[in-house]
Amino acid sequence: FKSSRAKTLEFVGAGSLDFDDDDEQAVRTGITSTNFGKAITVTAWVTFRDATGNRKGLFGSDYYINSDFSIHHHSTGSDYAIAVTTKSGTVATFSSATTATNKWVHLAIVIDQNIGATNNCKLYANGSLIGTSHTQSTGDIECTDEICIGMQGYTDSQVTGNSWNGKIAKVGFWTRALTASEVQNVMYKSYSDLKGSELTHLRNWWELDDISSTTAPDSHGSNNG
């Protein structure tokens, strides 16, 4: 979809990738052993088919490895409970982000560890700030394992239970903290609509509506999924 179209949620799913937890589907980005500095922003349009289960990966590398980061649906319930880790065991949890089962929601997770270990993580849903929490970490945000979309901690023997169960579209990944107005500005945009500061420190953008065979192109960087 294009930003010039009516800004409603109904058309978001015109281009998206459907992840089925039962089949353990994932987009493997090829990003591994990388230091991103102290601040990142991840944005995505998502639906969730079934909110049961735990640690269903949206974007990141691994919850269990001390140097890796993970953004995932954290706990059972009818609402999104989004959790963020930048070091193993340091979880910023946002409970009841929105009652979003089977509904499209734009999520933006902003982590800025430049400001210290307190209140350094924000979650936006549909452009509105849902809450501020903290990761209890001030170090650089990095990954050892491969970053995946739709699964937490990909391995060839991944056990059932850590994959997204729903749809994901338009995943943006910045190596800086977007402001509240920038989050609102990029919400309804495709990659071709981004301009000015919206492109500053943008690392990757996966539309997920342009998949060819088993490849999900990276519109901005070199990490085709």
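A: Let us begin with burial, since several later points rest on it. A residue is called buried when its relative accessible area is under 20%, exposed when it is over 50%, and partly exposed in between. The model shown here is predicted. In it, Asp210 has a relative accessibility of 31% and therefore counts as partly exposed.

Q: Where does Asp210 lie, and which residues is it in contact with beyond its neighbours within four places in sequence?

A: Asp210 belongs to the segment after E15. Leaving aside neighbours within four places in sequence, Asp210 is in contact with Thr215, Pro217 and Ser219.

Q: What share of the residues is buried, and what can be said of the surface?

A: Of the 225 residues in the protein, 53% are buried. The protein exposes about 8,900 Å², and carbon and sulfur atoms supply 44% of that area.

Q: What share of the contacts with a separation of 6 or more comes from residues 24 or more positions apart?

A: Such pairs account for 63% of the contacts in the protein with a separation of 6 or more. Gly225 is in the segment after E15, and it lies 195 residues from Gly30 in sequence but 7.0 Å from it in space, C-alpha to C-alpha. Not counting residues up to four places away in sequence, Gly225 touches Val27, Arg28, Thr29, Trp206, Thr214, Thr215 and Ala216.

Q: How is a buried residue with a polar side chain to be read? Where is Ser190 found, and what is joined to its side chain by a polar contact?

A: One asks where the residue lies, how accessible it is, and what its side chain meets. Ser190 is found in the loop between helix H1 and strand E15 (202-206). Its relative accessible area is 4%, under the 20% limit, so Ser190 is buried. A polar contact of 3.1 Å joins its side chain to that of Lys170. Ser190 and Ser219 are 29 residues apart in sequence, with 9.8 Å between their C-alpha atoms.

Q: Is Arg176 buried or exposed, and which backbone oxygen lies 2.8 Å from a polar atom of its side chain?

A: Arg176 has 15% relative accessibility, which is under 20%, so it counts as buried. Arg176 lies in the loop between strand E14 (166-174) and H1. A polar atom of its side chain is 2.8 Å from the backbone oxygen of Ser197. Beyond residues up to four places away in sequence, Arg176 touches Ala39, Ile40, Thr41, Glu182, Ser197, Thr200 and His201.

Q: Which residues other than glycine have a positive phi?

A: Two cases may be examined. Asn119 has a positive phi of about 50° although it is not a glycine, and Leu208 has a positive phi near 65°. Asn119 lies in the loop between strand E9 (105-112) and strand E10 (121-125), while Leu208 lies in the segment after E15. At 43% relative accessibility, Asn119 counts as partly exposed. Leu208, with a relative accessible area of 2%, is buried.

Q: How should I read the largest pocket, and what is its volume?

A: The largest pocket has a volume of about 160 Å³. Thirteen residues line it, and those closest to its centre are Leu17, Ala26, Val27, Ile211 and Thr214. Strand E1 (17-19) and strand E2 (27-28) are the elements that give two or more residues to this lining. E1 gives the most, with three residues. By type, the lining residues divide into six nonpolar, five polar and two charged.

Conventions: Residues are numbered from 1 along each chain as its sequence is written. This is a predicted model: local features need pLDDT of at least 70, side-chain atom pairs count only at pLDDT 80 or more; totals for chains, interfaces and linings use all residues. Side-chain values use heavy atoms; hydrogens and water are left out. On a 1 Å grid over the protein atoms alone, a cavity is a set of points where a 1.4 Å probe fits but cannot get out, and a pocket is an open set with protein on both sides within 12 Å along at least five of seven lines; lining residues have an atom within 4 Å of a point. Grid points are joined across faces, edges and corners, and a volume is the space filled by probe spheres set on the points. Ala, Val, Leu, Ile, Met, Phe, Trp, Tyr, Cys and Pro count as nonpolar, Asp, Glu, Lys and Arg as charged, and the others, Gly among them, as polar. Buried means under 20% relative accessible area, exposed over 50%, partly exposed in between (1.4 Å probe, protein chains only). A polar contact is a pair of N or O atoms within 3.5 Å; within protein, one must be able to donate a hydrogen and the other to accept it, and residues adjacent in sequence count only if both atoms are side-chain atoms. Contact means heavy atoms within 4.5 Å. Accessible areas come from the Shrake-Rupley method with a 1.4 Å probe; for residues, only the protein chains shown count as cover.
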